[in-house]
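Please keep the sequence and the model at hand while reading.

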Amino acid sequence: MKERIISGVILAAAIIGLGLIGSYPLSMALMLCSVIGYYELTSILCSSASSKKKKAVEEKKKGFDLIAWPGLVLSVVYYGGLMFIEWRYGLVNTPGMVSASDFWTLLILSLDFLLTMGIYVFTFPRRKSSNATGAVAAFLYVPVMMCFLLRTRSLSHGIWLYLLIFICSSVSDVCALAVGMAIGRHKLAPVLSPKKTIEGALGGIAGSALVSCLIAVLIRRFEPGINAVPVFLIIGICGSIIGQTGDLAASAIKRNHGIKDYGHLIPGHGGIMDRFDSVIFTAPVIYYLSFLLMARI
């Protein structure tokens, strides 16, 4: 527990510090996390192993699977392109920056799909279709979804919205656990996560919504002309719902492949995918909600 708390405090400090700095340091950190997270996920999805022990033996024999290399290389290229777009258009999202980022994302996704399928075709039947789809899904799951942390930071009032992604996920988890332990009776996903309850999930949503509104009130103290409470209320509710879904999705993948953690990078927490499972889901939702709604306040 002590190890988990210490690493959690260090991680929180890094998240806040990088959020305050933003720009290229945040881009580089997210690129590194994306590469590691992609490696963790493809090591599972591109493997035919059904248990952690078998997976370890298989990885020792063949190393990182060839079919996952396009995504690994393109993760670096993708974030490099986003940094170039930031340099070209500036830090705050402009129509040109948004269009360029969306075009770049679609281009890299398409390229990853084509290269991965090319490897699958020319190494058939050594590799299965599940290996190819796993590699493509992992690229969308980690590098592309995680980039919305960077894109959210580039929005107007971006530092608040960036931190809100982590706050929604963390507060939702804590409140869901507390409410579930106190009054939880009805199972949310009994096979996948027997300890999670519907009451806990509702408590997580309520806690996330409340804290999001408090942050909006805090923003108003710094910027009196801004009333972001309605927008942050919507973001808090949606962020909690999708964050809890992301947590369950990551757990489902682990259960399917018979493993406890995706990695061991963060002491007491596991790997990048273990720590950022809900954040990865929450980031795109908060980005698009903020992009659409913040302009109206």
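A residue is called buried when its relative accessible area is under 20%, exposed when over 50%, and partly exposed in between. The model is predicted. The points below are grouped by topic.

**Cysteines**
- Cys46 has a relative accessibility of 4%, so Cys46 counts as buried.
- Cys213, with a relative accessible area of 17%, is buried because that value is under 20%.
- Zero disulfides turn up in a search of the whole structure.
- Cys213 is in no disulfide: the nearest cysteine sulfur belongs to Cys168 and lies 10 Å away.

**Helix 4**
- Helix 4 runs over residues 69-89.
- Buried residues of helix 4 include Pro70, Gly71, Leu72, Leu74 and Ser75.
- Further along helix 4, Tyr78, Tyr79, Gly81, Leu82, Met83, Ile85 and Glu86 are also buried.

**Surface patch**
- A nonpolar patch on the surface is formed by Leu66, Trp69, Val73 and Val77.
- Together these four residues have about 340 Å² of accessible area.
- Leu66 sits in the loop that links helix 3 (52-62) to helix 4.
- The relative accessibility of Leu66 is 40%, and therefore Leu66 counts as partly exposed.

Note on methods
Residues numbered from 1 in each chain as written. Predicted model: local features only at pLDDT ≥ 70, side-chain atom pairs only at ≥ 80, totals over all residues. Heavy atoms only, no water. Patch = residues over 30% accessible without salt bridge, like charges linked within 9 Å, V, L, I, M, F, W, Y side chains within 5 Å. Areas by Shrake-Rupley, 256 points an atom, 1.4 Å probe, with all protein chains shown as cover. Salt bridge = Lys/Arg side-chain N within 4 Å of Asp/Glu carboxyl O. Helix = DSSP H or I, 4+ residues; strand = E, 2+ residues; numbered from the N terminus. Buried < 20%, exposed > 50% of the residue type's maximum accessible area, 1.4 Å probe, protein only. Disulfide = S-S within 2.5 Å.
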